[in-house]
Amino acid sequence: YNPLFLEDNANNCSDPLFVDQVLMPTLKDMTTRYKPEVIWSDGASGDNPCSSDSVKYWKAPEFLSWLYNESPVKNTVLVNDRWGSGSGGDYSSGPDRWVPGKLVSQKWESCFTVQKGSWGYDRREGIENFYNTTDLIYQLVNTVSCNGNLLLNVGPTADGRIVPAFEERLLGIGQWLEINGEAIYGSKPWKYQNDTMSERTWYTQSKATGDVYAIFFDWPVEVAGKPGDVVLTKMKDAASTVSVTMLGVNGTLTTSQASDGLHVTVPDIDVTRLPSNHAWVFKIATS
């Protein structure tokens, strides 16, 4: 900790030297110099409870007032809500690794890590302590379907390198998004987020066209040597289906309505030859 912050804690925050002499000048200089679109605050606590107070100690309202009324980014900047007790923000960043699993009406963010525990680089850390690419894509899809934004942390080395364990996962997410990104970018939550029959199927909706995307993580087994069906129970009461396609695959898929929902037959392609791995996306046009 900065020595002035430790001194403030020792003095029961009676004279916020760290805030006045270090934090506020730095925040204002950074904002004026670099004109950020997001200012992300994290952590507002020390050994003394007084250092958790967003008003009396951190002076968050004072800074945010300057930010929104006088700063060069006053019309564009966003801030999160980790400015101390009682502080607000433009969106909620919740607790670390927050996974509500249901629709959250206000905008929110899941602060997640590639590792299962650490937020930094640890050369002693084994690969078993890393989430795999499918896990991370699942977290992305889960978050977006519930009206959130995913903030994914990696831990660089002391000299700024991204080691292969991180690189492999980031590249894997990027490759998946190249095929399936339209179900993520420019999307909004649909009226349902998760499917009843398959908990590993999530929905989003295009803001531009209203098309529904069903993102599923379990490829169906073949039946008598023929491609299996994915059953979308939440499409049972949807408007009449015009067509269903799979992102990255040409052609319209075979569908049928049944008492348990919309049955979609997956393409007759070996799963190892599909254009994307980890998860697949149906694009459902309705009228």
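**A helix residue and its surroundings**

Reply: Ile 137 has its place in helix α4, which covers residues 133-145. Helices (H or I, at least four residues) and strands (E, at least two) are DSSP runs, numbered from the N terminus. The model is predicted, so local features need pLDDT of at least 70 and side-chain atom pairs count only at pLDDT 80 or more, while totals for chains, interfaces and linings use all residues. Residues are numbered from 1 along each chain as its sequence is written, and side-chain values use heavy atoms, with hydrogens and water left out.

Ile 137 has 0% relative accessibility, so it counts as buried. Buried means under 20% relative accessible area, exposed means over 50%, and partly exposed is in between (1.4 Å probe, protein chains only). Apart from neighbours within four places in sequence, Ile 137 is in contact with Gly 172, Ile 173, Trp 176, Phe 217 and His 278; contact means heavy atoms within 4.5 Å. Trp 66 is 71 residues from Ile 137 in sequence, and the two are 38 Å apart in space, C-alpha to C-alpha.

Two of these contacts, Trp 176 and Phe 217, are among the residues with the most contacts inside the largest nonpolar core. A nonpolar core is a set of buried Ala, Val, Leu, Ile, Met, Phe, Trp, Tyr and Cys residues joined through side-chain atoms within 4.5 Å. The largest one has 28 residues, and Val 141, Ile 184, Ile 215 and Val 281 are also among those with the most contacts inside it. The elements giving two or more residues to this core are α4, α5 (164-180), β3 (108-113) and β7 (212-216). Ile 215, leaving aside neighbours within four places in sequence, touches residues including Val 141, Trp 176, Ile 184, Trp 202 and Val 281.

Rings of Phe, Tyr and Trp (its six-membered ring) pair if their centres lie within 6.5 Å; planes under 30 degrees apart count as stacked, over 60 as edge-to-face and the rest as tilted. By this rule there are 19 aromatic pairs. The ring centres of Tyr 138 and Trp 202 are 6.1 Å apart with planes at 80 degrees, so the pair is edge-to-face. Tyr 138 lies in α4 and Trp 202 in strand β6 (residues 201-206), so the pair ties together parts that are 64 residues apart in sequence. Trp 202 has a relative accessible area of 4%, so it is buried.

Elsewhere, one aromatic cluster is formed by Tyr 1, Phe 5, Phe 18, Tyr 57 and Trp 58. Both Tyr 57 and Trp 58 are buried. Their ring centres are 4.9 Å apart and their planes are at 80 degrees, so this pair is edge-to-face.

Leu 151 is found in strand β4 (residues 148-153). With 26% relative accessibility, Leu 151 counts as partly exposed. Not counting residues up to four places away in sequence, Leu 151 touches Trp 40, Glu 109, Ser 110, Cys 111 and Phe 112. Between Leu 151 and Ser 110 there are 5.9 Å in space, C-alpha to C-alpha, although they are 41 residues apart in sequence.
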